[in-house]
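Open the model in your viewer and keep the selection tool at hand. This tour goes from one selection to the next.

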Amino acid sequence: MKTIPIVRDAKLFIDGEYVDAISGDSFDSINPATNERLASVANAGVEDVKRAITCAKEAFDCGRWSKISVEERSAILCRMSDLIIAKMEEIALVETLDVGKPIKESIGFDIPRAAQNFRFFAEMAKYIVHEHYDQTNFMSYAKYAPAGVTSLIIPWNLPFMQMTWKVSAALAAGNTVVIKPASYTPLSAVMLGEIANEAGLPKGVLNIITGPGSTVGTAMTNHPSVRRISFVGESNTGKTIMKNAANNLIPVSLELGGKSANIVFEDADIDEAVKGSIEAIYRNQGEICLAGSRLLVQESIYDLFLEKFVHATRNIKVGDPLDLATEMGALVSESHLQSVHRHVEVGIDEGAKLAYGGKRVTGLARGNFYEPTVLYDVSNKMRVAQEEIFGPVVVIIPFKTEEEAIEIANDSIYGLAGVVWTNDIRRAKRVTATVDAGLLWVNCWYIRDLRTPFGGTKASGIGREGGRHSFEFYTEAKTITMKL
């Protein structure tokens, strides 16, 4: 896996072809593990976005995708799934080089899951149940029609997997799409155009635009021809997108930030809780919205849990993302590493104690490698307990009672996810029913059934996707009543 492929320069993918930006501008994609240039990326402007949306609208209006049978659409999407598997090693290598994440995660989870996304929504589209009601002399039924051109804006932390989660559902519903990957990590996303062409996806149905959110993202979210917007990213950006969408009353789905509570009760299996909590904060370098970044531990087991957790943290292998033995790779950029470090310094200034980490990894100075970090004896009122750090930093907070744990968990502007570690099923049901979050796990973390709704509350977002919820968002419901 240490063989580094030739990473191709990335162009825009519009109307089935790879093209330069109209301006001819480009920017560099940087390898976070070395801070060296990986590839040149086309830097789109507003006119490029307008062209992509025009092509997507023409492809939608003419019906070459929206009006073909669901079986035909499903077959093409399943071919895209197969092609992702066939190209898995190449996509995983590009993903790891562009993001900085361990190759064992890219090839072991992210890219296989991306293929699963396409196959899941392709198959599910054939079995969506339509409503039908009979009355005396009348019949009413609901038809779920494709919404139209869909703007999809993808984050930098899990770019290929997150993109396919959105695009496969939107396409399965019969829409056409314009995708903007994050400027930090555009390279794997652009590869989807080649896959679409090989699978036989009609021209104009899928378009990929690379460039800054300030221009490209804005143009994609306030264009009158766009009928759906789905965004994954930071909460303040989500607010801006919602304001832009309001100008044309465009429905939005927003998957935003998190500061999830990972609650360990005294009756939990401590070793299992330690292992799961390590994964919940350090997987993908902590650059994941679902991270269990607030670790709440009951006082009676606090010292023992802290000792075991710190011991496990010390044994995490940080290093070359292309090494299969690496468990934690590089942060996405130098500026993000500095942001993570500033949060740690603020936490210590606020009174948090540093058990491990808190600095750049020595010996890997060229890359953006940061130690897995443990701050303990933290108060939930501290900034490090309230702000999303989006890095390998956990804050450990003690609690006395179940009621106090719930109170701490809910004392946050976010409401995305949470974890409960307990062997008491009654307690598990009470706590998960009361913690204000869209996703909750008991004695596990990040297990996803694609049929279930995904999304958060409060500053963590608006709307739900997954299973039928995705089809509800990406379609327009029409009620037809017929006199017999």
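**Stop 1: the domain**

Keep in mind that this is a predicted model. Select residues 20–480. An unreviewed UniProt entry annotates this stretch as "domain: Aldehyde dehydrogenase". Colour it by secondary structure: 41% is helix and 21% is strand. Now pick the C-alpha atoms at the two ends of the stretch. They lie 45 Å apart.

**Stop 2: the largest pocket**

Select Trp156, Phe231, Gly233, Glu234 and Thr237. Of the 34 residues that line the largest pocket, these lie nearest its centre. The space here is about 700 Å³.

Next, show the elements around this pocket. Helix H7 (213–221), strand S10 (226–232), helix H8 (235–246) and helix H11 (334–350) each give at least two lining residues. Which of them supplies the largest share of the lining? H7 does, with five residues.

Colour the lining by class.

**Stop 3**

Move to the second largest pocket, with a volume of about 510 Å³. Its lining has 18 residues. Select Lys275, Ile278, Glu279, Arg283 and Glu327, the closest to the centre.

Two elements to display here are helix H4 (103–124) and helix H9 (270–282), each giving two or more residues to this lining. H9 has the largest share, six residues.

How does this lining divide by class? Nine residues are nonpolar, two are polar and seven are charged.

**Stop 4: the largest cavity**

The structure holds three cavities of 30 Å³ or more. Go to the largest cavity, at about 130 Å³. It is lined by 13 residues, and those closest to its centre are Arg113, Met161, Gln162, Tyr446 and Phe454. Select these five.

Keep H4 on display. Along with helix H5 (159–172), H4 supplies at least two residues of this cavity's lining. H5 gives the largest share, three residues. By class, the cavity lining has eight nonpolar, two polar and three charged residues.

**Last selection**

Key:
Residues are numbered from 1 along each chain as its sequence is written. This is a predicted model: local features need pLDDT of at least 70, side-chain atom pairs count only at pLDDT 80 or more; totals for chains, interfaces and linings use all residues. Side-chain values use heavy atoms; hydrogens and water are left out. UniProt positions are given in the numbering used here, feature names are shortened, and annotations may be inferred rather than shown by experiment. Helices (H or I, at least four residues) and strands (E, at least two) are DSSP runs, numbered from the N terminus. On a 1 Å grid over the protein atoms alone, a cavity is a set of points where a 1.4 Å probe fits but cannot get out, and a pocket is an open set with protein on both sides within 12 Å along at least five of seven lines; lining residues have an atom within 4 Å of a point. Grid points are joined across faces, edges and corners, and a volume is the space filled by probe spheres set on the points. Ala, Val, Leu, Ile, Met, Phe, Trp, Tyr, Cys and Pro count as nonpolar, Asp, Glu, Lys and Arg as charged, and the others, Gly among them, as polar.
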